[in-house]
Amino acid sequence: MSDLVLERTVAESQSERSEIVLPADSNALGSLFGGRLMQYIDLVGAMAASRHARAFTVTASMDHLDFVAPVRVGELLILKASVNRAFRTSMEIGVRVMVEDVREQRLRHVSSAYLTFVAVDREGNRLVVPQVVPETDHQKRRFEDAGRRREMRAGETQRKKEMRAALGAGWHV
C-alpha cells in the first residue's frame, strides 16, 4: 500500500465467526477452555484487521480480555469483531463474544477483548493502514475510547521498559 491516506468505514471490515463448542475444547467441568476462546478471539480479530488493512496483519497485543460467563459444551459461540480505531500502522480491534440460545433465540454475552494488530508486508515490514471512519454514535464512542486505551498502553509499556532496565540482566534468575 502506498502512503496515500485512505479511509474505511467500520462496516467495511467487520467480521464474524461461529463455533459449536465440542468436548475436545472443554475442561473437566464441561466449559470451553479459556485458551481456546482466546484463539477464536485472535482469529476473528485478525480477519477484521486484515480486511481493514487489505494486508497481512500480526497480533501485537491482547488486553482487557474479560471472561464474563462460562461457555458449555454444545453451545453455539458467536464472535464479532470491528476495527475501533486505526493509527499509523496499527489498529485496535474490539471483539464481542456471545452464546446463542437457538431454542429461545437469545444471545448471552460471555466475553469481550481488545486486540492490537499491525499491518505488515511479506517481509514483516510495517505498512500504513487506512484510517477508520466511525459513522454511528456507538462507533464514535468506541473510536474515542480506543484513543484513551492507546495512551494507557503506551504508559504501561514505558513503565515496564524502565522496570526491566532498572532490574538489570539477571532479573529473571
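Colleague: What makes a stretch of this predicted model a strand or a helix?

Modeller: Strands are DSSP runs of E with at least two residues, and helices are runs of H or I with at least four, numbered from the N terminus. Val58 has its place in one such run, strand S3. The chain holds two helices and seven strands. Their order from the N terminus is β-β-α-β-β-β-β-β-α.

Colleague: Why is Val58 called partly exposed?

Modeller: Its relative accessibility is 41%. Buried would need a value under 20%, and exposed a value over 50%. The 41% falls in between, so Val58 counts as partly exposed.

Colleague: What makes a residue a contact of Val58, and which residues are in contact with Val58?

Modeller: The test is heavy atoms within 4.5 Å. Neighbours within four places in sequence are set aside. Thr116, Phe117, Val118 and Val120 then remain as contacts of Val58. Phe143 lies 85 residues from Val58 in sequence and 21 Å away in space, C-alpha to C-alpha.

Colleague: Where is Pro134, and which residues does Pro134 touch?

Modeller: Pro134 sits in the loop between strand S7 (131-133) and H2. Not counting residues up to four places away in sequence, Pro134 touches Val10, Gln139, Lys140 and Phe143. Leu79 is 55 residues from Pro134 in sequence, and the two C-alpha atoms are 20 Å apart.

Colleague: How do you know how far apart in sequence the contacts reach across the chain?

Modeller: Take contacts between residues at least 6 apart in sequence. Of these, 72% join residues at least 24 apart.

Colleague: How much of the chain is called buried?

Modeller: Buried residues make up 38% of the 173 residues. Each has under 20% relative accessible area. The accessible surface of the chain comes to about 10,300 Å², and carbon and sulfur atoms hold 53% of that surface.

Colleague: What lines the largest pocket, and what is its volume?

Modeller: The space in the largest pocket is about 330 Å³. Its lining has 16 residues. Gly94, Val95, Arg96, His138 and Arg142 lie nearest the centre. Strands S3 (56-67), S4 (76-86), S5 (90-101) and S6 (106-120) and helix H2 (137-167) each give two or more residues to the lining. S4 gives the most, with four residues.

Colleague: How far apart are the mean positions of the positive and negative charges?

Modeller: They are 2 Å apart, for 26 positive and 23 negative charges. Lys and Arg count as positive, Asp and Glu as negative. The C-alpha trace spans about 50 × 50 × 30 Å along its principal axes.

How values were computed:
Residues are numbered from 1 along each chain as its sequence is written. This is a predicted model: local features need pLDDT of at least 70, side-chain atom pairs count only at pLDDT 80 or more; totals for chains, interfaces and linings use all residues. Side-chain values use heavy atoms; hydrogens and water are left out. Buried means under 20% relative accessible area, exposed over 50%, partly exposed in between (1.4 Å probe, protein chains only). Accessible areas come from the Shrake-Rupley method with a 1.4 Å probe; for residues, only the protein chains shown count as cover. The place of a charge is taken as NZ of Lys, CZ of Arg, CG of Asp or CD of Glu. On a 1 Å grid over the protein atoms alone, a cavity is a set of points where a 1.4 Å probe fits but cannot get out, and a pocket is an open set with protein on both sides within 12 Å along at least five of seven lines; lining residues have an atom within 4 Å of a point. Grid points are joined across faces, edges and corners, and a volume is the space filled by probe spheres set on the points.
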